[in-house]
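This report describes a pocket and a chain interface. Please keep the sequence and the structure in view while reading.

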Amino acid sequence: MVEKKDITRLLFSISSLADLGQEVTSAKSFNDRMKTALYVVTGMFSVPKAALLVYNSNQQRLELLTHKGFKDTAWTNIHVKAKHIKSFSKNEPYSLSKIKTNSFYNPDTAALEKFHTKTFIPLFAKDEFVGAICLGKRLSRPSYLQSEKNVLKVVANHIAITLHNSSLFRRLTNKVNENKKLYEDMRHIYHDTIQAFAAAIDAKDRYTRNHSYRVAKYAVAIARELGWKEKDIETIDVAGLLHDIGKIIIDSGVINKGTKLSLSEMSEIKRHPQVSYDILSKIRFPWRDLVHFVRHHHERMDGMGYPDALQGEELSDGVKILAIADAFDAMTTDRPYRRKLSLAEALHEVKNCLGTQFDSRISNVFFRVLQKEINGETKKAQILPHFALDKGFDPTVITTLLETITAELSA
Amino acid sequence: MNNFSILSKTINGTVIFMPKGYVNDLGAENLEHACEEFLSKGLKNVVINFSEIQYINSIGASIFTGIVQKIAEHDSMLCFTNMKKVHSDVFEMLGITRHVKVFKEEKDAVNFLNESD
């Protein structure tokens with residue numbers, strides 16, 4: 001006949017297993033979940049002192065994860081060798097006296113006694129040793145009934161799986177972090193290489209030193225003002241750095257010629273966006289639109305550009321940005337055949353070419369960036385430093401000019 | 001713990017705790033800490049009045065197990081009063097009530113402790 005006490009025990013066990021399931025799957029931190037799990041066990045079997053140990057497979061030792069009932073928690077890590085792990089029955093409770101007869105027990109494992117261990121449960125998930133539970137003396141009878149051992153085994157199995165899952169998650173997180181770092185390192189190398197390429201491109205033309213670098217900076221400033229995502233900003237940055245890579249196949253004599261170019265020389269120069277595209281499209285860049293921006297950076301709104309004579313809305317924003325950034329820098333740097341324009345002259349020139357060479361909306365954003373830089377409203381000025389040392393540079397004049405242009409554009 | 005609080009009072013050197021609500025997560029450890037604090041002040045008699053406790057689960061049982069252990073370590077006396085049957089059945093099954101004096105009413109426990117002193 002089943003006694004009332006047995007029914008109470010059975011109901012309490014079922015309810016406690018439900019508590020355990022709920023706790024180990026809760027949204028609490030891992031340490032809180034494991035502490036609560038240990039409390040469920042100690043509550044189920046009225047054990048005032050207990051510890052949950054986690055197995056560190058790299059160090060081959062059991063380390064203290066959480067405990068109940070101890071003031072002094074100076075835990076001595078217990079080394080566990082492979083042969084000992086093999087000797088354990090999975091998630092089976094061992095009395096201390098039984099553990100003492102196992103070769104596992106040595107001066108190192110005497111730390112178990114410091115933690116008042118009366119019962120030791122090696123935790124296994126699948127075939128992997130993941131930790132152990134140390135239970136102290138019970139308030140009720142010292143030994144466990146077979147039925148209690150069975151429940152303890154179920155509980156141990158549950159905790160072992162949680163430890164195992166957490167360990168998998170930790171390993172996965174570490175791997176992800178390692179890969180992230182690797183990716184960041186690669187990215188830096190990638191960017192350094194691209195910058196080196198850009199420097200090599202600009203070195204071909206003694207007049208356009210740092211041209212690619214400035215075009216990239218101007219383009220990034222406009223894209224950022226437009227609210228582009230970081231990944232897209234990175235695309236326009238690299239496009240700015242590499243847009244003239246096709247010039248490497250053009251004769252330096254043509255590039256640096258101080259007089260008017262012949263028709264054939266002009267057509268040679270006009271090949272460079274196509275060549276840039278041909279070179280870059282063979283590289284598997286992580287930036288999808290890069291080659292498109294580079295190919296079309298000499299296209300115009302009126303369709304008079306090259307190489308494809310695109311017009312109007314056939315030009316993407318990236319192309320429009322790169323076009324104005326490139327042309328503006330060309331205007332404001334010395335060329336073999338002319339002196340550079342002042343900032344005010346260049347702004348007039350941009351204004352005069354709105355709707356024909358440049359897109360009005362993107363140009364307006366460019367003017368806004370410049371005005372913000374003059375007002376000191378940007379973290380770091382990208383355009384202004386190029387002109388700050390110019391003779392006769394006056395920010396108030398530029399501000400007035402920008403206001404006039406903007407007003408005209410609005411009208 | 002959203003539904004747990006503790007009221008306490010001291011009568012003739014006996015501290016009486018009246019926990020209220022659900023004793024079902026680590027928040028209820030405050031009861032164990034409160035007991036420990038009184039014991040460390042040298043108070044020897046602790047009464048826990050269960051009348052306002054709605055629910056105790058295995059985590060709660062663990063906390064009461066801890067209290068029993070601390071009482072024993074301080075060579076003190078612990079009384080439980082106003083226990084619902086469901087709680088006393090579980091505590092009996094767990095062997096907790098072997099280590100405490102159980103009274104029907106709080107005043108019975110206080111009288112017992114006064115007479116013992």
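The lining of the largest pocket in this predicted model is made up of 15 nonpolar, 7 polar and 12 charged residues. The space within this pocket amounts to about 990 Å³. In total, 34 residues line the largest pocket, and those closest to its centre are Met266(A), Ile269(A), His298(A), Tyr306(A) and Tyr337(A).

Three helices of chain A each provide at least two residues of this lining: H9 (252-255), H10 (263-269) and H13 (317-331). The greatest contribution comes from H13(A), which gives 5 residues.

**The interface between chains A and B**

The size of an interface is often expressed as the accessible area that is lost when the parts come together. For chain A and chain B, the buried area is about 2100 Å², and 59% of it lies on carbon and sulfur atoms. Within the area that chain A buries against chain B, Phe12(A), Tyr39(A) and Leu139(A) account for 29%, more than any other three residues. The contact involves 26 residues of chain A and 26 residues of chain B.

Polar interactions also link the two chains. Between chain A and chain B there are 10 residue pairs in polar contact, with both residues at pLDDT 80 or more. On the side of chain A that touches chain B, helix H1 (4-24) and helix H2 (30-44) of chain A each supply at least two residues. H1(A) provides the largest share of that side, 9 residues. By residue class, the side of chain A that touches chain B comprises 7 nonpolar, 8 polar and 11 charged residues.

**Salt bridges**

Side chains of opposite charge can pair when their charged atoms come close. Over all chains, the count is 36 salt bridges, and the count between chain A and chain B is 3. Two salt bridges that join these chains are listed below.

| Residue in chain A | Residue in chain B | Closest N and O atoms |
|---|---|---|
| Lys68(A) | Glu32(B) | 3.4 Å apart |
| Lys49(A) | Glu73(B) | 3.2 Å apart |

Where do the partners of the salt bridge between Glu73(B) and Lys49(A) lie? Glu73(B) belongs to helix H2 (residues 58-73) of chain B, whereas Lys49(A) is in the loop between H2 and strand S1 (50-56) of chain A.

Note on methods:
Residues numbered from 1 in each chain as written. Chains lettered and ligands numbered in written order. Predicted model: local features only at pLDDT ≥ 70, side-chain atom pairs only at ≥ 80, totals over all residues. Heavy atoms only, no water. 1 Å grid on protein atoms, 1.4 Å probe; cavity = no way out; pocket = protein on both sides within 12 Å on 5 of 7 lines; lining within 4 Å. Points joined across faces, edges and corners; volume = space filled by probe spheres on them. Helix = DSSP H or I, 4+ residues; strand = E, 2+ residues; numbered from the N terminus. Nonpolar A, V, L, I, M, F, W, Y, C, P; charged D, E, K, R; others polar. Contact = heavy atoms within 4.5 Å. Buried area = accessible area lost by both parts, 1.4 Å probe. Salt bridge = Lys/Arg side-chain N within 4 Å of Asp/Glu carboxyl O. Polar contact = N/O pair within 3.5 Å; in protein donor to acceptor, adjacent residues only side chain to side chain.
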